[in-house]
Amino acid sequence: MALAELCEKLEETSKRNLMVSVVTAFLERLSPDEVEPAVSMILGRPFPRWSPRVLDVGWTTLTKIIRRLTKTNWKVFSQAFSETGDVGSAVKAVFEASKPYRQATLLEKPLTIMEVRRSFESIAEASGAGSREKRERLVEALLSAAEPLEAKYLVKILIGEMRTGFHEGLMELAVAKAFHVPLEDVQRACMMLGDVGEVAALLKTGGKEALSKVGFRVFRPVRLMMAQTAENVEEALREHGGETAFEYKFDGARIQIHKDGAAVRIFSRRLTDVTQSLPEIVELVQREVKAEKAILEGEVIAVDADGKPMAFQHLMRRFKRVRGIEETRRRIPVRLFLFDVLYLNGQSLIHEPYVERRRILSETSGEIPLANQLVTGDAQAAEQFLKMALDEGHEGLMAKRLDGDYTPGIRGKKWLKIKPVLEPLDLVIVAAEYGYGRRHNWLSDYYLAARDAETGRFLVVGKTFKGLTDEEIIEMTRRLKELAVKEEHRRVIVTPKIVVEVLYNEIQKSPKYECGMALRFARISRIREDKTPEEADTIQKVREIYEKQFLKKGR
Ligand code: AMP
(Lines give C-alpha, C1' and ligand atoms only; values in the text may rest on other atoms or scores of the structure.)
Protein backbone atom coordinates (compact mmCIF):
# COMPACT_ATOMS: atom_id res chain seq x y z
CA MET A 1 0.00 0.00 0.00
CA ALA A 2 2.80 2.37 0.88
CA LEU A 3 4.28 1.77 -2.53
CA ALA A 4 1.01 2.57 -4.28
CA GLU A 5 0.73 5.76 -2.25
CA LEU A 6 4.26 6.67 -3.22
CA CYS A 7 3.48 6.16 -6.91
CA GLU A 8 0.40 8.33 -6.50
CA LYS A 9 2.57 11.10 -5.06
CA LEU A 10 4.96 10.77 -7.99
CA GLU A 11 2.13 10.95 -10.45
CA GLU A 12 0.73 14.09 -8.85
CA THR A 13 3.88 16.14 -9.09
CA SER A 14 6.20 17.05 -11.90
CA LYS A 15 8.80 18.57 -9.60
CA ARG A 16 11.84 16.39 -9.97
CA ASN A 17 13.41 17.36 -6.65
CA LEU A 18 10.28 16.49 -4.80
CA MET A 19 10.01 13.16 -6.61
CA VAL A 20 13.58 12.27 -5.76
CA SER A 21 13.20 13.18 -2.11
CA VAL A 22 10.02 11.15 -1.54
CA VAL A 23 11.58 8.13 -3.20
CA THR A 24 14.78 8.60 -1.19
CA ALA A 25 12.82 8.58 2.05
CA PHE A 26 10.90 5.54 0.92
CA LEU A 27 14.03 3.56 0.03
CA GLU A 28 15.56 4.28 3.42
CA ARG A 29 12.69 2.56 5.18
CA LEU A 30 12.74 -0.69 3.22
CA SER A 31 14.15 -4.00 4.40
CA PRO A 32 16.98 -5.49 2.30
CA ASP A 33 14.69 -8.03 0.61
CA GLU A 34 12.28 -5.37 -0.45
CA VAL A 35 14.72 -2.97 -2.07
CA GLU A 36 15.10 -4.46 -5.55
CA PRO A 37 11.42 -5.44 -5.99
CA ALA A 38 10.33 -2.00 -4.81
CA VAL A 39 12.71 -0.16 -7.14
CA SER A 40 11.57 -2.30 -10.06
CA MET A 41 7.91 -1.69 -9.30
CA ILE A 42 8.31 2.06 -8.87
CA LEU A 43 9.83 2.06 -12.34
CA GLY A 44 6.84 0.06 -13.55
CA ARG A 45 8.59 -3.27 -13.97
CA PRO A 46 7.60 -6.55 -12.31
CA PHE A 47 11.21 -7.78 -12.40
CA PRO A 48 14.71 -6.33 -12.86
CA ARG A 49 15.22 -5.16 -16.40
CA TRP A 50 17.57 -7.90 -17.50
CA SER A 51 15.30 -10.65 -16.23
CA PRO A 52 14.03 -13.08 -18.88
CA ARG A 53 10.76 -13.47 -16.95
CA VAL A 54 7.63 -11.96 -18.46
CA LEU A 55 4.10 -11.79 -17.13
CA ASP A 56 2.35 -12.23 -20.46
CA VAL A 57 -1.02 -10.90 -19.27
CA GLY A 58 -2.85 -8.91 -21.90
CA TRP A 59 -5.40 -6.17 -21.42
CA THR A 60 -8.24 -8.38 -22.70
CA THR A 61 -7.51 -10.96 -20.02
CA LEU A 62 -7.22 -8.27 -17.39
CA THR A 63 -10.57 -6.70 -18.26
CA LYS A 64 -12.21 -10.10 -18.03
CA ILE A 65 -10.75 -10.63 -14.57
CA ILE A 66 -11.58 -7.16 -13.34
CA ARG A 67 -15.18 -7.46 -14.54
CA ARG A 68 -15.52 -10.79 -12.80
CA LEU A 69 -14.03 -9.46 -9.58
CA THR A 70 -15.89 -6.20 -9.36
CA LYS A 71 -19.24 -7.00 -10.98
CA THR A 72 -19.48 -3.31 -11.74
CA ASN A 73 -21.12 -1.59 -14.65
CA TRP A 74 -18.32 -1.11 -17.17
CA LYS A 75 -19.55 2.39 -17.92
CA VAL A 76 -17.70 3.44 -14.78
CA PHE A 77 -14.51 2.35 -16.47
CA SER A 78 -15.22 4.01 -19.81
CA GLN A 79 -16.15 7.26 -18.19
CA ALA A 80 -13.12 7.37 -15.89
CA PHE A 81 -10.93 6.46 -18.82
CA SER A 82 -12.16 9.24 -21.03
CA GLU A 83 -11.73 11.69 -18.14
CA THR A 84 -8.19 10.70 -17.26
CA GLY A 85 -6.86 8.89 -20.30
CA ASP A 86 -5.26 6.47 -17.87
CA VAL A 87 -6.11 2.79 -17.62
CA GLY A 88 -4.88 2.53 -14.03
CA SER A 89 -7.07 5.37 -12.80
CA ALA A 90 -10.06 3.89 -14.57
CA VAL A 91 -9.44 0.55 -12.86
CA LYS A 92 -9.25 2.35 -9.53
CA ALA A 93 -12.64 3.90 -10.20
CA VAL A 94 -14.12 0.48 -10.94
CA PHE A 95 -12.64 -0.95 -7.76
CA GLU A 96 -14.02 1.93 -5.74
CA ALA A 97 -17.47 1.51 -7.21
CA SER A 98 -17.45 -2.17 -6.29
CA LYS A 99 -16.21 -1.69 -2.77
CA PRO A 100 -19.54 -2.39 -1.05
CA TYR A 101 -19.84 -5.63 -2.94
CA ARG A 102 -16.26 -6.70 -2.40
CA GLN A 103 -16.15 -5.77 1.29
CA ALA A 104 -17.04 -9.30 2.33
CA THR A 105 -14.18 -10.89 0.42
CA LEU A 106 -11.58 -8.24 1.03
CA LEU A 107 -8.88 -9.34 3.40
CA GLU A 108 -7.96 -6.93 6.13
CA LYS A 109 -4.26 -7.48 5.63
CA PRO A 110 -2.67 -5.03 3.19
CA LEU A 111 -0.54 -6.39 0.37
CA THR A 112 3.19 -6.36 0.96
CA ILE A 113 5.95 -5.75 -1.56
CA MET A 114 7.24 -9.29 -1.14
CA GLU A 115 3.80 -10.84 -1.62
CA VAL A 116 3.35 -8.93 -4.84
CA ARG A 117 6.78 -9.99 -6.10
CA ARG A 118 6.09 -13.64 -5.26
CA SER A 119 2.81 -13.39 -7.02
CA PHE A 120 4.48 -11.92 -10.14
CA GLU A 121 6.98 -14.78 -10.02
CA SER A 122 4.24 -17.39 -9.96
CA ILE A 123 2.47 -15.68 -12.86
CA ALA A 124 5.68 -15.65 -14.90
CA GLU A 125 6.40 -19.27 -14.05
CA ALA A 126 2.98 -20.59 -15.07
CA SER A 127 3.74 -22.75 -18.08
CA GLY A 128 2.68 -25.85 -19.93
CA ALA A 129 -0.86 -27.03 -20.49
CA GLY A 130 -3.49 -24.82 -18.93
CA SER A 131 -0.94 -22.11 -18.23
CA ARG A 132 -3.28 -19.37 -19.39
CA GLU A 133 -5.94 -20.38 -16.91
CA LYS A 134 -3.31 -20.71 -14.20
CA ARG A 135 -2.06 -17.19 -14.92
CA GLU A 136 -5.59 -15.84 -14.88
CA ARG A 137 -6.28 -17.41 -11.51
CA LEU A 138 -3.08 -15.99 -10.05
CA VAL A 139 -3.80 -12.50 -11.36
CA GLU A 140 -7.31 -12.73 -10.01
CA ALA A 141 -6.04 -13.76 -6.59
CA LEU A 142 -3.60 -10.88 -6.56
CA LEU A 143 -6.15 -8.27 -7.60
CA SER A 144 -8.79 -9.59 -5.25
CA ALA A 145 -6.50 -8.75 -2.33
CA ALA A 146 -5.94 -5.21 -3.60
CA GLU A 147 -7.40 -1.92 -2.46
CA PRO A 148 -8.49 0.39 -5.29
CA LEU A 149 -5.26 2.39 -5.22
CA GLU A 150 -3.17 -0.77 -5.19
CA ALA A 151 -5.20 -2.16 -8.07
CA LYS A 152 -4.43 0.98 -10.05
CA TYR A 153 -0.69 0.45 -9.83
CA LEU A 154 -0.75 -3.33 -10.08
CA VAL A 155 -2.60 -2.99 -13.36
CA LYS A 156 -0.15 -0.36 -14.57
CA ILE A 157 2.73 -2.73 -13.86
CA LEU A 158 0.91 -5.70 -15.38
CA ILE A 159 0.36 -3.92 -18.67
CA GLY A 160 3.59 -1.92 -18.58
CA GLU A 161 2.14 1.60 -18.44
CA MET A 162 3.49 3.18 -15.28
CA ARG A 163 3.98 6.70 -16.63
CA THR A 164 4.54 8.56 -13.35
CA GLY A 165 7.37 10.53 -14.94
CA PHE A 166 9.81 9.07 -12.44
CA HIS A 167 12.38 7.54 -14.74
CA GLU A 168 15.54 5.57 -14.31
CA GLY A 169 17.86 8.59 -14.13
CA LEU A 170 15.88 10.01 -11.21
CA MET A 171 15.93 6.62 -9.51
CA GLU A 172 19.72 6.60 -9.71
CA LEU A 173 19.72 9.97 -7.98
CA ALA A 174 17.37 8.74 -5.25
CA VAL A 175 19.49 5.64 -4.69
CA ALA A 176 22.66 7.74 -4.42
CA LYS A 177 20.96 9.96 -1.86
CA ALA A 178 19.36 7.19 0.16
CA PHE A 179 22.63 5.34 0.57
CA HIS A 180 24.93 8.36 0.74
CA VAL A 181 27.17 7.59 -2.22
CA PRO A 182 28.19 9.74 -5.20
CA LEU A 183 25.84 9.59 -8.18
CA GLU A 184 28.71 8.65 -10.52
CA ASP A 185 29.38 5.51 -8.49
CA VAL A 186 25.74 4.49 -8.72
CA GLN A 187 25.71 5.15 -12.46
CA ARG A 188 28.85 3.12 -13.00
CA ALA A 189 27.45 0.19 -11.04
CA CYS A 190 24.15 0.40 -12.95
CA MET A 191 26.03 0.27 -16.19
CA MET A 192 27.81 -2.87 -15.05
CA LEU A 193 24.88 -4.68 -13.46
CA GLY A 194 22.24 -3.43 -15.84
CA ASP A 195 19.71 -2.72 -13.13
CA VAL A 196 19.35 0.11 -10.65
CA GLY A 197 17.25 -2.04 -8.30
CA GLU A 198 20.01 -4.49 -7.89
CA VAL A 199 22.52 -1.72 -7.25
CA ALA A 200 20.24 -0.36 -4.53
CA ALA A 201 19.94 -3.80 -2.96
CA LEU A 202 23.70 -4.19 -3.04
CA LEU A 203 24.14 -0.86 -1.28
CA LYS A 204 21.59 -1.77 1.35
CA THR A 205 23.40 -5.00 2.27
CA GLY A 206 27.04 -4.29 1.48
CA GLY A 207 27.32 -0.51 1.50
CA LYS A 208 29.92 1.52 -0.34
CA GLU A 209 32.45 -1.24 -0.29
CA ALA A 210 30.27 -3.68 -2.19
CA LEU A 211 29.63 -0.99 -4.77
CA SER A 212 33.30 -0.41 -5.47
CA LYS A 213 33.80 -4.10 -6.22
CA VAL A 214 31.16 -4.23 -8.93
CA GLY A 215 32.48 -5.20 -12.36
CA PHE A 216 30.98 -6.52 -15.59
CA ARG A 217 29.14 -9.72 -15.17
CA VAL A 218 28.32 -12.02 -17.99
CA PHE A 219 24.53 -12.33 -18.42
CA ARG A 220 23.92 -8.85 -17.07
CA PRO A 221 23.28 -6.65 -20.11
CA VAL A 222 25.29 -3.46 -20.39
CA ARG A 223 23.58 -0.31 -21.56
CA LEU A 224 24.12 0.36 -25.21
CA MET A 225 26.26 3.06 -26.69
CA MET A 226 24.23 5.06 -29.17
CA ALA A 227 24.88 7.30 -32.12
CA GLN A 228 24.09 10.87 -33.11
CA THR A 229 23.21 11.79 -36.65
CA ALA A 230 25.51 13.25 -39.27
CA GLU A 231 24.06 14.71 -42.45
CA ASN A 232 26.74 13.23 -44.71
CA VAL A 233 30.18 11.66 -44.82
CA GLU A 234 31.94 15.06 -44.88
CA GLU A 235 30.35 16.05 -41.60
CA ALA A 236 31.36 12.73 -40.05
CA LEU A 237 34.95 13.16 -41.21
CA ARG A 238 35.09 16.71 -39.89
CA GLU A 239 33.57 15.71 -36.56
CA HIS A 240 36.06 12.87 -36.13
CA GLY A 241 39.15 14.93 -36.91
CA GLY A 242 39.72 14.14 -40.57
CA GLU A 243 39.75 10.37 -40.48
CA THR A 244 37.23 7.84 -39.23
CA ALA A 245 36.06 4.24 -39.50
CA PHE A 246 32.95 3.85 -41.62
CA GLU A 247 30.91 0.70 -41.15
CA TYR A 248 27.79 -0.50 -42.95
CA LYS A 249 24.69 0.43 -41.00
CA PHE A 250 22.44 -2.59 -41.16
CA ASP A 251 18.71 -2.23 -40.81
CA GLY A 252 18.13 -4.96 -38.32
CA ALA A 253 18.07 -5.40 -34.60
CA ARG A 254 20.95 -4.70 -32.32
CA ILE A 255 21.85 -7.53 -30.01
CA GLN A 256 24.24 -7.89 -27.12
CA ILE A 257 25.61 -11.39 -26.83
CA HIS A 258 26.86 -12.79 -23.54
CA LYS A 259 28.89 -15.98 -23.46
CA ASP A 260 30.21 -17.95 -20.53
CA GLY A 261 31.57 -21.34 -21.55
CA ALA A 262 28.84 -23.06 -23.52
CA ALA A 263 26.11 -20.86 -22.09
CA VAL A 264 24.99 -18.02 -24.35
CA ARG A 265 22.33 -15.39 -23.75
CA ILE A 266 21.18 -12.67 -26.09
CA PHE A 267 19.73 -9.32 -25.15
CA SER A 268 17.76 -6.93 -27.30
CA ARG A 269 18.26 -3.23 -27.70
CA ARG A 270 15.96 -2.71 -24.73
CA LEU A 271 18.11 -5.15 -22.77
CA THR A 272 15.45 -7.80 -22.52
CA ASP A 273 16.38 -11.42 -22.93
CA VAL A 274 15.60 -12.66 -26.45
CA THR A 275 17.75 -15.80 -26.40
CA GLN A 276 14.79 -18.04 -27.19
CA SER A 277 13.91 -16.26 -30.41
CA LEU A 278 17.35 -16.69 -31.93
CA PRO A 279 18.49 -20.31 -31.53
CA GLU A 280 20.75 -20.23 -34.61
CA ILE A 281 22.64 -17.22 -33.25
CA VAL A 282 23.22 -19.07 -30.00
CA GLU A 283 24.60 -22.05 -31.92
CA LEU A 284 26.74 -19.81 -34.11
CA VAL A 285 28.29 -18.10 -31.10
CA GLN A 286 28.88 -21.41 -29.34
CA ARG A 287 30.64 -22.73 -32.42
CA GLU A 288 32.67 -19.71 -33.49
CA VAL A 289 33.51 -17.37 -30.65
CA LYS A 290 36.96 -18.06 -29.34
CA ALA A 291 36.67 -16.92 -25.77
CA GLU A 292 35.64 -18.48 -22.52
CA LYS A 293 33.74 -15.37 -21.46
CA ALA A 294 32.72 -12.51 -23.68
CA ILE A 295 30.23 -9.71 -24.20
CA LEU A 296 29.83 -8.87 -27.89
CA GLU A 297 27.60 -6.62 -29.91
CA GLY A 298 26.24 -6.89 -33.39
CA GLU A 299 23.23 -6.49 -35.61
CA VAL A 300 20.99 -9.30 -36.85
CA ILE A 301 19.13 -8.84 -40.08
CA ALA A 302 16.54 -10.95 -41.84
CA VAL A 303 17.55 -12.15 -45.29
CA ASP A 304 15.73 -13.71 -48.22
CA ALA A 305 16.70 -16.90 -50.06
CA ASP A 306 19.40 -15.02 -51.99
CA GLY A 307 20.85 -13.53 -48.83
CA LYS A 308 19.50 -10.04 -49.63
CA PRO A 309 18.47 -8.02 -46.59
CA MET A 310 14.73 -7.94 -45.96
CA ALA A 311 12.57 -5.19 -44.54
CA PHE A 312 12.82 -4.78 -40.80
CA GLN A 313 9.24 -5.95 -40.20
CA HIS A 314 10.15 -9.54 -41.12
CA LEU A 315 12.81 -9.61 -38.46
CA MET A 316 10.40 -8.33 -35.85
CA ARG A 317 8.30 -11.43 -36.36
CA ARG A 318 11.25 -13.43 -35.11
CA PHE A 319 11.31 -11.49 -31.88
CA LYS A 320 7.61 -11.59 -31.21
CA ARG A 321 7.46 -15.33 -31.55
CA VAL A 322 7.33 -17.45 -28.44
CA ARG A 323 5.94 -20.60 -29.98
CA GLY A 324 6.73 -22.23 -33.31
CA ILE A 325 10.25 -20.88 -33.30
CA GLU A 326 11.64 -23.70 -35.42
CA GLU A 327 9.15 -22.98 -38.17
CA THR A 328 9.77 -19.21 -38.19
CA ARG A 329 13.46 -19.90 -38.12
CA ARG A 330 13.16 -21.68 -41.45
CA ARG A 331 10.88 -19.06 -42.95
CA ILE A 332 12.83 -16.01 -41.79
CA PRO A 333 16.54 -16.76 -41.81
CA VAL A 334 18.76 -14.22 -40.07
CA ARG A 335 22.39 -13.17 -40.37
CA LEU A 336 24.63 -11.68 -37.75
CA PHE A 337 27.26 -8.99 -38.22
CA LEU A 338 29.42 -8.26 -35.20
CA PHE A 339 30.75 -4.77 -34.54
CA ASP A 340 31.99 -4.52 -30.96
CA VAL A 341 33.42 -6.33 -27.96
CA LEU A 342 32.97 -4.96 -24.44
CA TYR A 343 34.39 -7.66 -22.26
CA LEU A 344 36.69 -10.59 -22.74
CA ASN A 345 37.77 -13.31 -20.31
CA GLY A 346 37.50 -11.23 -17.15
CA GLN A 347 38.64 -7.93 -18.66
CA SER A 348 36.54 -4.91 -19.45
CA LEU A 349 37.44 -3.46 -22.85
CA ILE A 350 35.22 -0.39 -22.83
CA HIS A 351 38.10 1.98 -22.18
CA GLU A 352 40.08 0.64 -25.11
CA PRO A 353 39.93 2.71 -28.31
CA TYR A 354 37.63 1.56 -31.10
CA VAL A 355 40.48 0.30 -33.33
CA GLU A 356 41.81 -1.88 -30.55
CA ARG A 357 38.36 -3.33 -29.76
CA ARG A 358 37.80 -4.03 -33.43
CA ARG A 359 41.17 -5.84 -33.62
CA ILE A 360 40.34 -7.97 -30.59
CA LEU A 361 36.90 -8.65 -32.04
CA SER A 362 38.38 -9.92 -35.29
CA GLU A 363 40.58 -12.31 -33.36
CA THR A 364 37.66 -13.60 -31.32
CA SER A 365 34.83 -13.88 -33.80
CA GLY A 366 35.86 -16.97 -35.80
CA GLU A 367 33.82 -17.22 -38.98
CA ILE A 368 31.18 -14.71 -37.90
CA PRO A 369 31.42 -11.70 -40.23
CA LEU A 370 32.20 -8.28 -38.81
CA ALA A 371 30.37 -5.21 -40.07
CA ASN A 372 31.97 -4.15 -43.40
CA GLN A 373 34.46 -1.42 -42.58
CA LEU A 374 36.45 1.29 -44.34
CA VAL A 375 38.93 3.45 -42.44
CA THR A 376 39.52 6.57 -44.47
CA GLY A 377 40.03 10.32 -44.54
CA ASP A 378 38.88 10.61 -48.13
CA ALA A 379 35.33 11.88 -48.58
CA GLN A 380 35.06 10.44 -52.07
CA ALA A 381 36.07 6.98 -50.97
CA ALA A 382 33.56 7.26 -48.12
CA GLU A 383 30.85 8.34 -50.55
CA GLN A 384 31.58 5.28 -52.69
CA PHE A 385 31.37 3.07 -49.61
CA LEU A 386 28.01 4.60 -48.70
CA LYS A 387 26.73 3.92 -52.19
CA MET A 388 27.85 0.31 -51.89
CA ALA A 389 26.01 -0.09 -48.61
CA LEU A 390 22.81 1.36 -50.08
CA ASP A 391 23.11 -0.67 -53.28
CA GLU A 392 23.36 -3.82 -51.20
CA GLY A 393 20.10 -2.89 -49.49
CA HIS A 394 21.46 -1.56 -46.21
CA GLU A 395 20.44 1.56 -44.43
CA GLY A 396 23.52 3.75 -44.62
CA LEU A 397 26.79 4.05 -42.71
CA MET A 398 28.00 4.45 -39.17
CA ALA A 399 31.13 6.50 -38.56
CA LYS A 400 33.14 5.50 -35.50
CA ARG A 401 35.85 7.63 -34.03
CA LEU A 402 39.10 5.68 -34.18
CA ASP A 403 40.18 6.53 -30.65
CA GLY A 404 36.64 6.41 -29.21
CA ASP A 405 35.98 4.37 -26.07
CA TYR A 406 32.68 2.54 -25.55
CA THR A 407 30.37 4.79 -23.55
CA PRO A 408 27.41 2.74 -22.25
CA GLY A 409 24.03 4.42 -22.32
CA ILE A 410 25.35 7.56 -24.00
CA ARG A 411 24.28 9.00 -27.33
CA GLY A 412 27.46 10.86 -28.16
CA LYS A 413 29.44 11.96 -31.18
CA LYS A 414 31.95 9.14 -31.11
CA TRP A 415 29.47 7.21 -33.20
CA LEU A 416 27.62 8.99 -35.97
CA LYS A 417 24.94 7.54 -38.19
CA ILE A 418 24.51 8.60 -41.77
CA LYS A 419 21.30 7.50 -43.43
CA PRO A 420 19.79 9.20 -46.40
CA VAL A 421 16.09 9.68 -45.64
CA LEU A 422 13.45 8.86 -48.19
CA GLU A 423 11.80 11.71 -49.98
CA PRO A 424 9.20 13.43 -47.72
CA LEU A 425 5.50 13.05 -48.56
CA ASP A 426 2.75 15.65 -48.31
CA LEU A 427 -0.21 13.89 -46.78
CA VAL A 428 -3.67 14.84 -45.59
CA ILE A 429 -5.05 14.36 -42.09
CA VAL A 430 -8.31 12.40 -42.37
CA ALA A 431 -8.87 11.42 -38.74
CA ALA A 432 -7.33 11.91 -35.33
CA GLU A 433 -7.40 10.32 -31.92
CA TYR A 434 -7.16 11.76 -28.45
CA GLY A 435 -3.81 11.05 -26.81
CA TYR A 436 -2.99 9.52 -23.46
CA GLY A 437 -1.94 10.95 -20.12
CA ARG A 438 -0.99 14.56 -20.48
CA ARG A 439 -2.42 14.64 -23.99
CA HIS A 440 -5.75 13.07 -23.24
CA ASN A 441 -7.71 16.19 -24.10
CA TRP A 442 -5.85 16.81 -27.33
CA LEU A 443 -6.27 15.29 -30.75
CA SER A 444 -2.64 14.31 -30.97
CA ASP A 445 -2.54 11.10 -32.97
CA TYR A 446 -3.11 11.66 -36.68
CA TYR A 447 -4.19 9.42 -39.55
CA LEU A 448 -2.29 10.40 -42.68
CA ALA A 449 -3.69 9.78 -46.11
CA ALA A 450 -2.58 10.00 -49.74
CA ARG A 451 -4.99 10.86 -52.55
CA ASP A 452 -5.91 8.21 -55.04
CA ALA A 453 -5.46 10.00 -58.35
CA GLU A 454 -7.91 7.62 -60.01
CA THR A 455 -10.85 7.80 -57.62
CA GLY A 456 -10.10 10.98 -55.73
CA ARG A 457 -10.47 9.13 -52.41
CA PHE A 458 -8.03 9.62 -49.57
CA LEU A 459 -6.36 6.40 -48.43
CA VAL A 460 -4.65 6.12 -45.07
CA VAL A 461 -0.96 5.20 -45.27
CA GLY A 462 0.13 5.83 -41.71
CA LYS A 463 -0.46 7.22 -38.29
CA THR A 464 1.72 9.38 -36.09
CA PHE A 465 1.77 11.35 -32.87
CA LYS A 466 5.25 12.67 -33.51
CA GLY A 467 6.58 15.95 -34.77
CA LEU A 468 4.29 18.70 -33.53
CA THR A 469 4.92 20.91 -30.52
CA ASP A 470 2.35 21.16 -27.73
CA GLU A 471 1.22 24.51 -29.06
CA GLU A 472 0.78 23.14 -32.55
CA ILE A 473 -1.19 20.20 -31.20
CA ILE A 474 -3.55 22.50 -29.31
CA GLU A 475 -4.10 24.56 -32.44
CA MET A 476 -4.47 21.41 -34.54
CA THR A 477 -7.06 20.06 -32.08
CA ARG A 478 -9.10 23.24 -32.48
CA ARG A 479 -8.96 23.08 -36.27
CA LEU A 480 -9.74 19.38 -36.47
CA LYS A 481 -12.76 19.76 -34.19
CA GLU A 482 -14.15 22.28 -36.65
CA LEU A 483 -13.62 19.81 -39.47
CA ALA A 484 -15.11 16.87 -37.55
CA VAL A 485 -17.75 14.85 -39.36
CA LYS A 486 -18.06 11.90 -36.99
CA GLU A 487 -16.88 10.83 -33.56
CA GLU A 488 -16.37 7.20 -32.71
CA HIS A 489 -15.16 6.61 -29.16
CA ARG A 490 -11.82 8.46 -28.98
CA ARG A 491 -11.44 8.91 -32.72
CA VAL A 492 -12.64 11.85 -34.74
CA ILE A 493 -13.12 11.58 -38.49
CA VAL A 494 -12.51 14.90 -40.25
CA THR A 495 -12.95 16.40 -43.69
CA PRO A 496 -9.63 16.10 -45.48
CA LYS A 497 -8.35 19.67 -45.41
CA ILE A 498 -5.06 19.91 -43.57
CA VAL A 499 -1.88 18.94 -45.39
CA VAL A 500 1.29 18.03 -43.51
CA GLU A 501 4.77 17.12 -44.65
CA VAL A 502 5.76 13.70 -43.34
CA LEU A 503 9.16 12.03 -42.94
CA TYR A 504 9.51 8.28 -42.56
CA ASN A 505 12.18 5.62 -42.83
CA GLU A 506 10.56 2.99 -44.93
CA ILE A 507 7.28 1.97 -46.52
CA GLN A 508 6.15 -1.42 -45.29
CA LYS A 509 3.67 -3.86 -46.65
CA SER A 510 0.75 -3.82 -44.24
CA PRO A 511 -2.70 -5.36 -44.04
CA LYS A 512 -3.69 -2.63 -41.58
CA TYR A 513 -4.76 -0.13 -44.22
CA GLU A 514 -6.84 -0.55 -47.33
CA CYS A 515 -3.95 0.45 -49.61
CA GLY A 516 -1.81 -2.39 -48.24
CA MET A 517 1.12 -0.15 -47.28
CA ALA A 518 2.17 1.69 -44.14
CA LEU A 519 4.86 4.27 -43.43
CA ARG A 520 7.38 3.23 -40.80
CA PHE A 521 8.43 5.84 -38.22
CA ALA A 522 6.25 8.52 -39.72
CA ARG A 523 6.67 11.95 -38.17
CA ILE A 524 5.28 15.31 -39.18
CA SER A 525 8.03 17.72 -40.24
CA ARG A 526 5.78 20.70 -40.89
CA ILE A 527 2.27 21.84 -41.62
CA ARG A 528 1.83 22.70 -45.28
CA GLU A 529 -0.49 25.69 -45.03
CA ASP A 530 0.45 26.44 -48.63
CA LYS A 531 -0.99 23.22 -50.02
CA THR A 532 -4.54 22.10 -50.67
CA PRO A 533 -5.53 18.43 -50.30
CA GLU A 534 -5.72 18.17 -54.08
CA GLU A 535 -2.06 19.09 -54.24
CA ALA A 536 -1.05 16.42 -51.72
CA ASP A 537 0.93 13.40 -52.85
CA THR A 538 -0.93 10.53 -54.42
CA ILE A 539 -1.18 6.91 -53.46
CA GLN A 540 0.40 6.15 -56.83
CA LYS A 541 3.50 8.06 -55.74
CA VAL A 542 3.60 6.22 -52.42
CA ARG A 543 3.41 2.92 -54.29
CA GLU A 544 6.23 4.00 -56.59
CA ILE A 545 8.53 4.75 -53.63
CA TYR A 546 7.45 1.48 -52.04
CA GLU A 547 8.37 -0.51 -55.17
CA LYS A 548 11.68 1.32 -55.56
CA GLN A 549 12.81 -0.01 -52.20
CA PHE A 550 12.89 -3.54 -53.59
CA LEU A 551 15.38 -2.75 -56.31
CA LYS A 552 17.93 -3.25 -53.56
CA LYS A 553 16.16 -5.11 -50.82
CA GLY A 554 14.68 -8.59 -50.73
CA ARG A 555 10.89 -8.87 -50.57
P1 AMP B 1 19.51 4.44 -34.61
O2 AMP B 1 18.71 3.28 -34.14
O3 AMP B 1 18.95 5.08 -35.84
O4 AMP B 1 19.87 5.39 -33.49
O5 AMP B 1 20.92 3.88 -35.12
C6 AMP B 1 21.77 3.17 -34.27
C7 AMP B 1 21.52 1.70 -34.47
O8 AMP B 1 22.05 1.25 -35.69
C9 AMP B 1 22.21 0.82 -33.48
O10 AMP B 1 21.54 0.74 -32.27
C11 AMP B 1 22.26 -0.51 -34.19
O12 AMP B 1 21.07 -1.24 -33.93
C13 AMP B 1 22.24 -0.16 -35.65
N14 AMP B 1 23.46 -0.51 -36.37
C15 AMP B 1 23.48 -1.05 -37.61
N16 AMP B 1 24.72 -1.25 -38.03
C17 AMP B 1 25.55 -0.84 -37.04
C18 AMP B 1 26.97 -0.78 -36.89
N19 AMP B 1 27.81 -1.19 -37.85
N20 AMP B 1 27.46 -0.28 -35.72
C21 AMP B 1 26.62 0.15 -34.74
N22 AMP B 1 25.28 0.12 -34.84
C23 AMP B 1 24.75 -0.36 -35.98
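**Exercises on helix packing and a ligand site**

Helices α9 and α10 run roughly antiparallel to each other. The structure under study is a predicted model.

**Exercise 1.** Determine at what angle helices α9 and α10 pack and how far apart their axes are.

*Solution.*
Step 1. Locate the two elements: α9 covers residues 131-144, and α10 covers residues 148-159.
Step 2. Their packing angle is about 150°, and their axes are 10 Å apart.
Step 3. Angles over 145 degrees count as roughly antiparallel, and α9 and α10 are therefore described in this way.

**Exercise 2.** State which residues of α9 and α10 meet, and classify the residues of this contact.

*Solution.*
Step 1. On the side of α9, the residues are Val-139, Leu-142 and Leu-143.
Step 2. On the side of α10, they are Ala-151, Leu-154, Val-155 and Leu-158.
Step 3. By class, the contact of α9 with α10 comprises seven nonpolar, no polar and no charged residues.

**Exercise 3.** Decide whether helices α11 and α13 are roughly parallel or roughly antiparallel, and describe their contact.

*Solution.*
Step 1. Helix α11 (residues 168-178) packs with helix α13 (residues 196-212) at an angle of about 5°, the axes being 10 Å apart.
Step 2. Angles under 35 degrees count as roughly parallel, so α11 and α13 are roughly parallel to each other.
Step 3. Glu-168, Met-171, Glu-172 and Val-175 of α11 make the contact with Val-196, Ala-200 and Leu-203 of α13.
Step 4. The residues of the contact of α11 with α13 comprise five nonpolar, no polar and two charged.

**Exercise 4.** Describe the surroundings of the ligand: how many residues surround it, which strands each supply at least two of them, and how do they divide by class?

*Solution.*
Step 1. The ligand is surrounded by 15 residues, of which Glu-247, Arg-254, Glu-299, Lys-400 and Lys-417 are the closest.
Step 2. At least two residues of the shell come from each of β2 (244-249), β9 (396-400) and β10 (411-418).
Step 3. The shell contains six nonpolar, no polar and nine charged residues.

**Exercise 5.** Give the distances from ligand atoms to N or O atoms in the side chains of Glu-299, Lys-400 and Lys-419, and state what share of the ligand the protein covers.

*Solution.*
Step 1. For Glu-299, the distance to an oxygen atom of the ligand is 2.6 Å.
Step 2. For Lys-400, the distance to a nitrogen atom of the ligand is 2.7 Å.
Step 3. For Lys-419, the distance to an oxygen atom of the ligand is 3.1 Å.
Step 4. On its own, the ligand has 490 Å² of accessible area, and the protein covers 92% of this area.

Terms used. Residues numbered from 1 in each chain as written. Predicted model: local features only at pLDDT ≥ 70, side-chain atom pairs only at ≥ 80, totals over all residues. Heavy atoms only, no water. Near = heavy atom within 4 Å. Polar contact = N/O pair within 3.5 Å; in protein donor to acceptor, adjacent residues only side chain to side chain. Areas by Shrake-Rupley, 256 points an atom, 1.4 Å probe, with all protein chains shown as cover. Helix = DSSP H or I, 4+ residues; strand = E, 2+ residues; numbered from the N terminus. Nonpolar A, V, L, I, M, F, W, Y, C, P; charged D, E, K, R; others polar. Axes fitted to C-alpha atoms, helices over the stretch in contact; angles between N-to-C directions. Parallel < 35°, antiparallel > 145°, perpendicular 65-115°, else oblique. Contact = heavy atoms within 4.5 Å.
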